[in-house]
Amino acid sequence: MLSRHSRMRRGEDFQTAIKRGKRAGRPALVVHLNVSGEEAPQVGFVVSRAVGGAVVRNKVKRRLRHLMRDRLDRLPRGSLLVVRANPPAASARYEHLAAELDLALDRLLRRRESATDGHR
């Protein structure tokens with residue numbers, strides 16, 4: 001489980017990450033990343049009714065929280081990360097969700113590194 005300090009709860013934080021952050025999409029999920037400030041990274045999850053009923057949505061959220069716990073140290077300080085599940089996430093195996101999350105995170109972090117290298 002993610003620690004309390006690592007969980008995003010405020011609506012403003014979700015909006016900031018989604019509207020101002022960079023996005024990487026995969027069939028099962030979309031990841032939004034905004035980096036500003038020096039606070040500890042925070043992660044939020046969006047799983048809509050389109051994914052499924054309450055039981056399915058909660059299962060997807062639990063899986064994503066567990067996956068992000070092991071990947072939190074990859075995020076730079078000041079990160080606001082929102083993971084939005086798409087309907088295919090409901091039937092995706094745990095390993096498939098992990099692979100999709102890794103691909104999306106890698107793409108965002110690589111993009112960010114190349115952008116900061118260009119400004120130096």
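**Exercise 1.** Which helix and which strand each supply at least two residues of the lining of the largest pocket?

*Solution.* The model is predicted, with local features needing pLDDT of at least 70 and side-chain atom pairs pLDDT 80 or more, while totals for chains, interfaces and linings use all residues. Residues are numbered from 1 along each chain as its sequence is written, and side-chain values use heavy atoms, without hydrogens and water. Begin with the pocket, an open set of points on a 1 Å grid over the protein atoms alone, where a 1.4 Å probe fits, with protein on both sides within 12 Å along at least five of seven lines; lining residues have an atom within 4 Å of a point. The lining includes Arg20, Leu33, Val35, Leu108 and Arg112. The two elements are β2 (29-35) and α3 (94-118), and α3 gives the largest share, four residues. Helices (H or I, at least four residues) and strands (E, at least two) are DSSP runs, numbered from the N terminus.

**Exercise 2.** Describe how β1 and β2 are joined.

*Solution.* Four bridges link β1 (residues 22-25) to β2 in an antiparallel arrangement, where pairing requires at least two DSSP bridges. Within this pair, Ala24 stands opposite Val31, and three residues lie between the two strands of the hairpin.
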